[in-house]
Amino acid sequence: MRLSELDPLIPLTELREELLKLPKGYSFYEEELVDFLSRRRWPESNRRIDRTTFWRWRNDNGIEHQKVFSRLDILKLCQICDHYRIDGTRSEYLAIVKSKKEAVLNK
């Protein structure tokens, strides 16, 4: 499967289901992922996410610097992309990530 075959605005739950159909260990290359995220972030234009933004999104989600990405990485990056598409801020997103981590630690 190629990400370019999917509707860029596919809901995260449906995207997760599509990704789970792939063989374990299946991965995607950075270029393909950036193209998909760019279409998801700005569906009405041909704008492209720059490298600095992509690196920041990876860092904010604790994704190691790499050129290939797992299914979970894609879901995390789509989540942050959706947050910014609805005019969310970085501090809001980091607060959400922090509260999720705290909830996991408190269990």
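Reply: What follows is about helix H4 and the helices that pack against it.

This is a predicted model, in which local features need pLDDT of at least 70 and side-chain atom pairs count only at pLDDT 80 or more, while totals for chains, interfaces and linings use all residues. Residues are numbered from 1 along each chain as its sequence is written, and side-chain values use heavy atoms, with hydrogens and water left out.

The confidence score comes first. pLDDT is the predictor's confidence in each residue, from 0 to 100. The protein chain has a mean pLDDT of 91, and 100% of its residues reach 70 or more. Within the protein chain, H2 has the highest confidence, at a mean of 95, and H5 the lowest, at 87. Helices here are DSSP runs (H or I, at least four residues), as are strands (E, at least two), numbered from the N terminus.

Two packed helices are described by the angle between their axes and the distance between the axes. Axes are lines fitted to C-alpha atoms, for helices over the stretch in contact, and angles run from 0 to 180 degrees between N-to-C directions.

Helix H2 (residues 30–41) packs against helix H4 (residues 71–85) at about 30 degrees, and their axes are 9 Å apart. That angle makes the two helices H2 and H4 roughly parallel (angles under 35 degrees are roughly parallel, over 145 roughly antiparallel, 65 to 115 roughly perpendicular, and the rest oblique). H2 and H4 cross in a right-handed way; a crossing is right-handed if the near helix is turned clockwise from the far one by less than a right angle, and left-handed if anticlockwise. On the H2 side, the residues in contact (heavy atoms within 4.5 Å) are Leu33, Phe36, Leu37, Arg40 and Arg41. They meet Ile74, Leu77, Cys78, Cys81, Asp82, Tyr84 and Arg85 of H4.

Helix H1 (residues 12–20) also packs against H4, at an angle of about 165 degrees and with the axes 10 Å apart. H1 and H4 are therefore roughly antiparallel, and their crossing is right-handed. H1 contributes Leu12, Leu15, Arg16, Leu19 and Leu20 to the contact, and H4 contributes Arg71, Ile74, Leu75, Cys78, Gln79 and Asp82.

Asp87 has a phi near 70 degrees, a positive value in a residue other than glycine. With 67% relative accessibility, Asp87 counts as exposed (over 50%; buried is under 20%, and partly exposed lies in between, with a 1.4 Å probe and protein chains only).
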